[in-house]
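Subject: Two-chain model for you to look through

Dear colleague,

I am handing over the structure below, and I would be glad if you kept it open while you read. My notes on what was found in it follow directly after.

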Amino acid sequence: MKNLLAWLLWFVISAVIVGAFWYAPLAQGFLGESSRILFFHVPMAWVSFVAFIAAGVWSLLFLFRGRRPKDDRAAAAAVELGLLFGVLATITGALWARIMWGAYWNWDPRQTSIIICLLFYAAYLALRSAVEDGDARARLSASYAVLGLAVAPFLFFIMPRIMFSLHPQSVINAQGKIEVESRMVQVLLVGSAGFTALFFWIHNLRCRLQALSDRKSAL
Amino acid sequence: MRNASTWAAEATSVFVKEWRCEFRTRYALNTLALFAFTTLVVVSVSLGPLGVSRAHGTAVLPVLLWVILLFSVAAGLPRSFVQEEETGTAMALRLAATPSALFCGKLAYGLTLVLALEAMLTPVYVAMTNLKVVSPGLLAGVLAAGGYGLAAGSTLVAAIIAQARSKGTLFSVLAFPVLLPLLLLSVELTRLAVAGSPPGVALPQLLLYDASVTVAGLMLFPAVWNP
């Protein structure tokens, strides 16, 4: 059964790659073929967002529901993967910005918030490596991750509003209208779902690996 | 169950204790003030004898003011928790006060320290860089609200890093991403105060940031503090 799910995931991700280059049309107002990178950039940004929210929720569960090591491992693995997808989203976004805006980096509000977010979660990992005792590490890093949840709304919802942005409107915008061609929406949605599934699959592997490693070091 | 008056008494005694310890050595005050003034001199000298033009000043000088404040706070504030762990007084403090009272006492100490620093630094900064502030009232409000946010965020992060290794560098690494939204809002508001424009939505947002960091601090501090 698990094997079947992995194959299904492989099929969906392959379909997204094929769809991004051959099925979806080019977006209007974008230079050349530059809009195709969005089929990877948007799902990656989405997954890093999901990962950070998930890390915050697992940290909350750890702190306020019995301090189980399982929740701590899940939060740490989610941060690691969120950081990976976040870096990939930043790189793909920078490549796209070079083509469309003429520079890799120009402190657009989205770029500002993603970089602060990445700094935050890199700091989370730095904190984990700076505490030797396992219980204290879990407790302190979970508290820090929840503090991140309290600050995150300012990065994602408020800053993009007070600063001028060139970033294209999100697929689902304030007016509730979808302004992207329907075949593009299909690829974006399947891509986001596929990447989310990919995240949870790797996350599961990472948690199991860490659980085994913890058990080994406890022996 | 402790009642409100014991809680207030505990918070006040923590606050009084902090300042009494501070006046014994004047470590934090001296570090903060010296650090701030050294940086101020560096900034002022680097800008040159003529300073920056009015147009550039509105854009640049508020940023430099908040950068000086941020780094001064990072140099002095973590001390209040690091010292408890280093001298071994943390355990006694855990027995003597409830976590929320302790957090509020420490926060009040941090806040008074930051406000004292701002009161000393800002007039000198304004004079040395020849910055003309059109709405001084708004500037004072921003300094108070921004200073509170700096103190609240730093107090919780200081409690976290006090229990880790490599405390000094770790504080900057952990605190800056948390404080950056506050810094961006404060810089924006300081620019508006210098230009004399109305504060707009940034002021409620700054107050909202202060409120959410305070709530998060009160909620998380017991978990951070009690092993």
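Gly66(A), which follows helix H2 of chain A, has a positive phi, near 80°. Please keep in mind, here and throughout, that this is a predicted model.

Chain A as a whole has 6 helices and 0 strands. Of its 219 residues, 37% count as buried, and among its contacts with a separation of 6 or more, 77% come from residues 24 or more positions apart.

Turning to chain B, you will find 9 helices and 0 strands, so that its elements, read from the N terminus on, run α-α-α-α-α-α-α-α-α. The radius of gyration of chain B is 18 Å, close to the 17 Å that the globule rule gives for 227 residues, and therefore the chain is as compact as a globular protein of that length. Along its principal axes, the C-alpha trace of chain B spans about 60 × 35 × 30 Å. Of the 227 residues of this chain, 43% count as buried, and of the contacts between residues at least 6 apart in sequence, 85% join residues at least 24 apart.

Where do the two chains meet? Contact is made between 23 residues of chain A and 26 residues of chain B. On the side of chain A that touches chain B, helix H4 (109–130) and helix H5 (134–162) each supply at least two residues, and H5(A) gives the most, with 14 residues. By class, that side of chain A has 21 nonpolar, 1 polar and 1 charged residues.

Which residues touch the most other members of the largest nonpolar core? In this core of 121 residues, they are Ala75(A), Ala78(A), Leu127(A) and Leu174(B). Helix H8 of chain B, residues 167–195, gives the most to the core, with 15 residues. If residues up to four places away in sequence are left aside, Leu174(B) touches Ala123(A), Leu127(A) and Tyr144(A), and also Val157(B), Ile160(B) and Ile161(B).

Is Leu102(B) buried or exposed? Leu102(B) counts as buried because it has 22 C-beta neighbours inside 10 Å, where the cut-off for burial is 20 or more. Not counting residues up to four places away in sequence, it touches Val14(B), Leu93(B), Ala97(B) and Trp225(B). Leu102(B) and Pro222(B) are 120 residues apart in sequence, while their C-alpha atoms are 9.6 Å apart in space.

Finally, a word on confidence: the model scores ipTM 0.89 and pTM 0.88. In chain B the mean pLDDT is 89, and 99% of the residues reach 70 or more. Within that chain, confidence is lowest in helix H4 (residues 79–87), at a mean of 85, and highest in helix H7 (residues 136–161), at 94.

With best wishes

Terms used
Residues are numbered from 1 along each chain as its sequence is written. Chains are lettered from A and ligands numbered from 1 in the order in which they are written. This is a predicted model: local features need pLDDT of at least 70, side-chain atom pairs count only at pLDDT 80 or more; totals for chains, interfaces and linings use all residues. Helices (H or I, at least four residues) and strands (E, at least two) are DSSP runs, numbered from the N terminus. Two residues are in contact if their C-beta atoms, placed from the backbone, lie within 7 Å. Ala, Val, Leu, Ile, Met, Phe, Trp, Tyr, Cys and Pro count as nonpolar, Asp, Glu, Lys and Arg as charged, and the others, Gly among them, as polar. A nonpolar core is a set of buried Ala, Val, Leu, Ile, Met, Phe, Trp, Tyr and Cys residues joined through C-beta atoms within 7 Å. A residue is buried if 20 or more other C-beta atoms lie within 10 Å of its own, exposed if 12 or fewer, and partly exposed in between; C-beta atoms are placed from the backbone. The radius of gyration is taken over C-alpha atoms; the globule rule is 2.2 Å times the number of residues to the power 0.38. pLDDT is the predictor's confidence in each residue, from 0 to 100.
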